[in-house]
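Please keep the sequence and the structure at hand while reading.

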Amino acid sequence: MRRGPGAVLLGPYVLLLLLFFLTPLVLMLLISVSRQSFGELEWTVTLHHYARFFSDSYYLSVLWDTLLLGLITTACALLLGYPIAYHLSFTRSRWKPMLIVFILSPLLVGIVIRCYGWMILLADRGLINATLTEHGWITKPLPLMYNKFGVTLALVHVFLPFMVLSLTGVLKRIDPQLVEASKTLGASPRRAFFEVTLPLSLPGILAGSLLVFSLAISSFVVPILVGGFKVHVLPMIVYEQVLSVFDWPFGAANAFVLLVISIVLIAVYIKVTERALRGIV
Amino acid sequence: MILRVSVALIYAFMLLPLVIVVLAAFNAGNYFTFPPQGFSLKWFANFFNRREFMQALWISTEVAFWTALASTVIGTAAAVVLVRARFKGRDLLNAFVTSPLLLPQILTGVALLQFYTLLNMHASYAALLIGHIVVTTPYVIRTVTATLTHFDVALEEAAQSLGAHPVRAFFEITLGVIKPGVVAGAIFAFAISFDNFTLSLFLTSAQLTPLPIELFAYLKYSFDPTAAAVSAFAIGVALVLVLGIARFMGLEEFTGF
């Protein structure tokens, strides 16, 4: 394609991104090194807000908790996502389209609604506790919500579809003949899985894990609704600093810490998948 | 056998919260218990009678419509170039145009909030709309790219050698072939915008509240099943949109199967 029409077609989106995506992010970086006094920004270059973050044991513990929560969520999503992806990749069931709808619909249903579903189930007067109390099996409600357990459960649920889609992307490209060959050579189905299928699906495992980890550490809707502000994570601090405390520079500095982690993860993700443009995840 | 049972259980885990929300919306009681306390439509009546929910529903629908339209046009145009172009730095450009999709939306939200506030256009309709277009366009690019990779450029060249103007060749041949991807991309963009919470939270005000934000505000103060009726309605919309994508593009192609 000649340069002319290409630039005309690509131009609007690239311009939109430069103006309303890249510029705001650069501005955020500038704000994170500025000073704020009496609500007014002073454009200086200070690392004060970063120093405040990295010298306060509270913020460091929040950062640690956020990463740990992300890690546990990723591990659980992988454990639950792999069997589903494996089944979906090799099944010849006529129900397959419906199964894909089951995987996709949670993606299209808003995150607030999915959290609300868990709230109905896990709350102190929620379905599980109410049912158990009614039957006299427990006397006081089990602590299912407003803690790390509930948040992890909801996070796994919210991001599982991304793991499944990343895994199927790799699993369905594995040549079935390789597995057949290993079985012909005497390998048990179990050994064929662990020595052929599993190693070949490693790129998918890595891609899905990076994606879920990156999404989990930046989620704040789940900690707010299912965690009831009791589970403190980095994105929640960003949210509070920017929208309630109105300390923009410190909020921006927090956001920038999250941004650096995300960019590293995204870079590795693109490198691993080498498919920046294909598939919806 | 073990695989089948565990797969069935994991599907149940995935669907459980959604099923519960829908059941709670049709349940007569204030609290959802098992077994349900009888069928009732009063929570839906409450949803449709509340002005703030109706207003929010209208805003969400309108924003989603314009977002889908704009992102489909600029996303399709961009995809056509990105698939065919062979130039230095193409991979970097690909990464750049899909980055709004990979970057956590809270970051895009905070950055846009600060940017808009300094420009004095915070909480305006245009600000919200542009934010939505930025995050939905990469999805359109991906779905259109998926159909474009099967497209044989020779078809377009044939039309041109038969005397068709390049623009006409594009609209009559190329667009005809990639239409399923374009329509599916538009539907998906609509769905993403309609359900968007994270970005909208940073770009809205009391006068400009899309449905997910209204629902979130409602849930912070009350726990009554009107929220379930709102959610069940949104789940219904999502289901219709998924079926639309299935109809136009096929879900296996759409998800990259």
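## Packing of two helices in chain A

In this predicted model, helix α3(A) contributes A:T66, A:L67, A:L69, A:G70, A:L71, A:T73, A:T74, A:A77, A:L78 and A:G81 to a contact in which α10(A) supplies A:I205, A:G208, A:S209, A:V212, A:F213, A:A216 and A:I217. Sorted by class, this contact of α3(A) with α10(A) holds ten nonpolar and seven polar residues, and no charged residues.

The two elements are helix α3 (residues 57–90) of chain A and helix α10 (residues 202–217) of chain A, whose axes come within 8 Å and cross at roughly 135°. The crossing in which α3(A) passes α10(A) is right-handed.

## Chain A as a whole

| Property of chain A | Value |
|---|---|
| Secondary structure | 13 helices and two strands |
| Span of the C-alpha trace along its principal axes | about 75 × 75 × 35 Å |
| Buried share of the 281 residues | 47% |
| Share joining residues at least 24 apart, among contacts between residues at least 6 apart in sequence | 72% |

## Contact with chain B

Between the chains, the contact draws 71 residues from chain A and 77 residues from chain B. On the side of chain B that touches chain A, helix α1 (residues 2–25) of chain B gives the most, with 13 residues, and the residues of that side divide into 59 nonpolar, 14 polar and four charged.

Note on methods
Residues numbered from 1 in each chain as written. Chains lettered and ligands numbered in written order. Predicted model: local features only at pLDDT ≥ 70, side-chain atom pairs only at ≥ 80, totals over all residues. Contact = placed C-beta atoms within 7 Å. Helix = DSSP H or I, 4+ residues; strand = E, 2+ residues; numbered from the N terminus. Nonpolar A, V, L, I, M, F, W, Y, C, P; charged D, E, K, R; others polar. Axes fitted to C-alpha atoms, helices over the stretch in contact; angles between N-to-C directions. Left-handed = near helix turned anticlockwise from the far one by under 90°. Buried ≥ 20, exposed ≤ 12 C-beta atoms within 10 Å, placed from the backbone.
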